[in-house]
Amino acid sequence: SNLRLVVGIVFVFAVAGIMLLGTRIYIHNSMPPAVVTVGSAPVYSGPSISYFRQYDLFAASEIYIVQEQDEWRRFVTANNQQGWIQADQISLVTIK
């Protein structure tokens with residue numbers, strides 16, 4: 001019946017929402033959040049300016065730190081962009 005179809009669709013969307021929320025909670029708990037604090041920060045493919053410059057992140061861009069190497073931080077964004085950024089161009093965000 002139509003009621004069974006509606007209940008099934010609502011259930012699928014509820015499960016999908018819970019999965020997305022769980023992923024967001026996992027990211028916050030496992031990778032420290034940070035924001036870009038300069039107007040434009042170049043992102044490299046490795047931890048040095050001698051690596052390929054991939055793109056720029058702009059002020060207030062949110063990232064999640066996954067690795068540290070000297071003055072470089074490897075990160076991922078919420079939409080899965082990745083790269084290396086210089087540590088002095090970001091600030092860690094403390095969540096209380």
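Q: Which residues does Gln89 touch, not counting residues up to four places away in sequence?
A: First, the ground rules: this is a predicted model, where local features need pLDDT of at least 70 and side-chain atom pairs count only at pLDDT 80 or more, while totals for chains, interfaces and linings use all residues. Residues are numbered from 1 along each chain as its sequence is written, and side-chain values use heavy atoms, leaving out hydrogens and water. Taking contact as heavy atoms within 4.5 Å, and skipping residues up to four places away, the residues that Gln89 touches are Val35, Val36, Thr37, Val38, Ala41 and Pro42.

Q: Is Gln89 buried or exposed?
A: Gln89 sits in the loop between β6 and β7 (90–92). The scale goes like this: buried is under 20% relative accessible area, exposed is over 50%, and partly exposed is in between, with a 1.4 Å probe and protein chains only. Gln89 has a relative accessible area of 13%, so it counts as buried.

Q: In what order do the elements of the protein chain run?
A: Helices (H or I, at least four residues) and strands (E, at least two) are DSSP runs, numbered from the N terminus. The protein chain has 1 helix and 7 strands. Starting from the N terminus, the order is α-β-β-β-β-β-β-β.

Q: Which residues make up the largest nonpolar core?
A: A nonpolar core here is a set of buried Ala, Val, Leu, Ile, Met, Phe, Trp, Tyr and Cys residues joined through side-chain atoms within 4.5 Å. In soluble globular proteins, nonpolar side chains tend to be buried together. The largest such core in this chain has 10 residues: Ala34, Val36, Ala41, Val43, Leu57, Ile63, Ile65, Phe75, Ile85 and Ile90.

Q: Which elements give two or more residues to this core?
A: The core's members include Ala34, Ala41 and Ile63. The elements that supply two or more residues are β1 (33–36), β2 (40–44) and β4 (62–69).

Q: What does Leu57 touch, again not counting residues up to four places away in sequence?
A: Leu57 is one of the residues in that largest core. Its partners include Gly39, Ser40 and Gln81.

Q: What kind of aromatic pair do Tyr44 and Trp72 form?
A: Rings of Phe, Tyr and Trp (its six-membered ring) pair if their centres lie within 6.5 Å, with planes under 30 degrees apart counted as stacked, over 60 as edge-to-face and the rest as tilted. By that rule there is 1 aromatic pair. Tyr44 and Trp72 are 5.7 Å apart centre to centre, with 85° between the planes, and that makes the pair edge-to-face.

Q: How many residues apart are Tyr44 and Trp72?
A: Both Tyr44 and Trp72 are buried. The pair links distant parts of the chain, with Tyr44 in strand β2 and Trp72 in strand β5, and the gap is 28 residues.

Q: What is the phi of Ala60?
A: Ala60 falls in the loop between β3 (53–58) and β4. It is exposed, with a relative accessible area of 56%. Although Ala60 is not a glycine, its phi is positive, at about 75°.

Q: Where is Asn80 found?
A: Asn80 has a positive phi near 75° in a residue other than glycine. With a relative accessible area of 53%, Asn80 is exposed. Its place is the loop between β5 (72–76) and β6 (82–86).
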